[in-house]
Amino acid sequence: MAGYVAKRVAQSLLALLGVSVVVFALIHLVPGDPVRTALGTRFDQELYEVLRARAGLDQPLVVQYFDWLFRALQGDLGVSFRTGQPVTEALMQRLPATALLAVSAVLVGLVIALPAGIISAVRQGKVSDYVANAFSQIGVSIPDFWYGILLILLFAQTLRWLPPFGYTSLLEDPVDGLQRLIMPALTTGVVTGAILTRFVRSSVLEAMNSEHVRFARAKGLPQRHVFRHHVLRNAWNPIVTITGLQLGTLLGGIVVVEVVFAWPGIGRLALTAVERRDYPVLQGAVLLIAAAFLIINLVVDLLYAKLDPRIRSS
Amino acid sequence: MSDDRPDQPPSDEPAEEPRQPSAEQPELERPEGEHRPQWRQTLAILLSNRAAAVGLVVLIVMVLTAVFADQLIRFPINEDNIANRFAPPSADHWFGTDDLGRDVYSRVVMGARVSLQVAAISVTISLVAGTLLGLIAGYRGGWLDTVTMRAVDVAFAFPAVLLAIALVAVFGPSLRNTMIAIGIVFTPIFARVVRGSVLSVREDLYIRAIRSLGASDGRIILRHVLPNVAAPVIVQTSLSLAFAILLEAALSFVGAGVQRPTPAWGLMLADAQRFIAQGWWLSVFPGMAIFVTVMAFNLMGDGLRDALDPRQRTLIEARGAGGGEDE
């Protein structure tokens, strides 16, 4: 196990290093002078010099990279070209909203996918199986931002049950916070649920067709007992894994949903940075999401290996 | 949008089980008596799968719509008619009119051309680049393989939407740059799928036999390896086209893709949200167009996977070429 952990950690660190190079390169791929582009009509020579120096753009490229990397490792991702706010501070302000939405989406996804996937597997080939399949097919094909707009059209515009957009911290005002969370969480959650349903179904089917389950049945154990103790127990590991991976994927994927619901998360911050050509902020957001994705994948893989010895031996 | 979804789960599948048959598989490998053209067999299985058949029909309609868009539209797509803003669907304006009084139906029809064009070109970019990378990495092996695959790992650490947005931010938003960005984002997926397939055939007995007979690497790759990677690549292409349409729509929706006044479906949805109180038709029809097209590509992709899967093929043939439902 120790060898496996070391190998996976090393792989992730290597990938993270690669990610850092790509993120660093972003600002240098911009045609022309990024600071000048960012300042646009607000150009001011003094401000220009300060921002260039602060972004380290007056140094040789290799020096710049390592300088940037070491500062990033200490949590310093530079300052916004537009507001002068430290990028790390801006990210931390938006992180709770994104994390809340991602976790809620996964919960909604699981609430849908566990029953749908299990029923679909148990009643393979029956009507409920087809319904679950149709649901997951629709879920992976529907543009989530469109589905979000339809929800707004129905629940905010027509029925007037929910506020159309915005975010309130659950700590400040739980009722308003929850009301504003419902539609964004449903939007991302249903799509996640559609993907998870497929995996739950195939994991349960695989477990149901395994030798030891057939043996348990042959022994005459009650169906319910076999299902609970032999099928679900084995189907559980891949489900946990895929759910973890979905959480990672969601972090990047909710960018667009955040725009639909004016949700003040990392994704919207990144998009605003794109509009304003505020490259340090864009770099910070991309780095944070990619790093979170790698870390979540690593943790999920290690957990999976701990739960399932076959993985680490292979 | 929820990102990597259509390509994420299915994309790895073909890579895991890459050993697929193909049209030009050498005689050494082909079981006796199986001399019917394989593409015809594949098509028959594909069409026997009802969902895939529906997908195919929808796609044909969509492609025809895109090709004959100029004939199908009822009003010039960028002609404003402020007097007739936000008109609900009627005999004149089937899908109503938008905030500038433009005909939504005509814009949705023209949007098919934009959407399919972006999808086709961006997926072609990634298909060519990814296949080349995967072939070289898988066939050559060694450090070339290690470097390529580590680079692919790095690319996979970025959620697709975010990477595309970042690339568009660098290149500047435009139709052309959207296609390039999506092409770059999808390249690693193809590289991984192709490499997996190449690895599995590289050491096959018949490849080694051909090599020992003195065949050049180029010939082995072109004549023997490439046909073997065709099946997973075809499946991946269909699924990627679906995702490219979603991704383009999402990028345009957030302003990091195609720019106004081009009638892109994602852009139309962005405007629809601004004027959500003025009319449901603004959001319903462009969204429906995206949804139907993406679903058609996904159904085709799933159908192709079943049709090109040798195990599935045997199963269906054993049942007397019956229905091609899953499992």
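This is a predicted model: local features need pLDDT of at least 70, side-chain atom pairs count only at pLDDT 80 or more; totals for chains, interfaces and linings use all residues.
Figure 1. Most residues other than glycine have a negative phi, and most peptide bonds are trans. Arg160(A), in contrast, has a phi near 55°, a positive value in a residue other than glycine. Is Arg160(A) buried or exposed? With a relative accessible area of 61%, Arg160(A) is exposed, because the cut-off for that class is over 50%.

**Figure 2. Another positive phi in chain A, at Arg277(A).** Here we look at the loop between helix 12 (266-276) and helix 13 (279-307) of chain A, where Arg277(A) is found. Arg277(A) is not a glycine, yet its phi is positive, at about 55°. Its relative accessibility is 27%, so Arg277(A) counts as partly exposed.

Figure 3. Now over to chain B, where Arg260(B) and Pro261(B) are joined by a cis peptide bond. The omega angle of this bond is about 0°.

**Figure 4. Ser12(A) and its contacts.** Ser12(A) belongs to helix 1 of chain A. Its relative accessible area is 10%, so Ser12(A) is buried. Which residues does Ser12(A) contact, leaving aside its neighbours within four places in sequence? The partners are Leu294(A) and Leu298(A). Among contacts in chain A between residues at least 6 apart in sequence, 73% join residues at least 24 apart. The C-alpha trace of chain A spans about 85 × 60 × 35 Å along its principal axes.

Figure 5. A pair of aromatic rings is described by the distance of the centres and the angle of the planes. Searching the whole structure gives 15 aromatic pairs over all chains. One of these is formed by Phe24(A) and Trp68(A), a tilted pair with 5.8 Å centre to centre and 50° between the planes. Phe24(A) is in helix 1 (residues 2-29) of chain A and Trp68(A) in helix 4 (residues 61-73) of chain A, so that the pair links distant parts of the chain, 44 residues apart. Both partners fall under the 20% cut-off for burial: Phe24(A) counts as buried at 9% relative accessibility, and Trp68(A) counts as buried at 15%. In chain B, the rings of Phe95(B) and Tyr105(B) have centres 5.4 Å apart and planes at 80°, so this pair is edge-to-face. Phe95(B) is in the loop between helix 4 (69-72) and helix 5 (104-140) of chain B, while Tyr105(B) is in helix 5 of chain B, so the pair ties together parts that are 10 residues apart in sequence. Phe95(B) counts as partly exposed, at 21% relative accessibility, whereas Tyr105(B) counts as buried, at 11%. Both rings belong to one aromatic cluster, formed by Trp94(B), Phe95(B), Tyr105(B), Trp280(B), Trp281(B) and Phe285(B).

**Figure 6. Helix 3 of chain B against helix 5 of chain B.** Helix 3 (residues 50-67) of chain B packs on helix 5 of chain B with the axes 8 Å apart and an angle of about 105°. The two helices are therefore roughly perpendicular to each other. Helix 3 of chain B brings Met62(B), Val63(B), Thr65(B), Ala66(B) and Val67(B) to the contact, and helix 5 of chain B brings Val109(B), Ala112(B), Arg113(B) and Leu116(B). By class, this contact has seven nonpolar, one polar and one charged residues.

**Figure 7. Helix 7 of chain B crossing helix 10 of chain B.** The axes of helix 7 (residues 160-171) of chain B and helix 10 (residues 217-253) of chain B come within 11 Å and cross at roughly 55°. That angle makes helix 7 of chain B oblique to helix 10 of chain B, and the crossing is right-handed. Ala160(B), Val161(B), Ala164(B), Ile165(B) and Val168(B) of helix 7 of chain B touch Phe243(B), Leu247(B) and Leu251(B) of helix 10 of chain B. Sorted by class, the contact has eight nonpolar, no polar and no charged residues. Chain B as a whole has 13 helices and zero strands, and 58% of its 327 residues count as buried.

Key:
Residues are numbered from 1 along each chain as its sequence is written. Chains are lettered from A and ligands numbered from 1 in the order in which they are written. Side-chain values use heavy atoms; hydrogens and water are left out. Axes are lines fitted to C-alpha atoms, for helices over the stretch in contact, and angles run from 0 to 180 degrees between N-to-C directions. Helices (H or I, at least four residues) and strands (E, at least two) are DSSP runs, numbered from the N terminus. Angles under 35 degrees count as roughly parallel, over 145 as roughly antiparallel, 65 to 115 as roughly perpendicular and the rest as oblique. A crossing is left-handed if the near helix is turned anticlockwise from the far one by less than a right angle, and right-handed if clockwise. Contact means heavy atoms within 4.5 Å. Ala, Val, Leu, Ile, Met, Phe, Trp, Tyr, Cys and Pro count as nonpolar, Asp, Glu, Lys and Arg as charged, and the others, Gly among them, as polar. Rings of Phe, Tyr and Trp (its six-membered ring) pair if their centres lie within 6.5 Å; planes under 30 degrees apart count as stacked, over 60 as edge-to-face and the rest as tilted. Buried means under 20% relative accessible area, exposed over 50%, partly exposed in between (1.4 Å probe, protein chains only).
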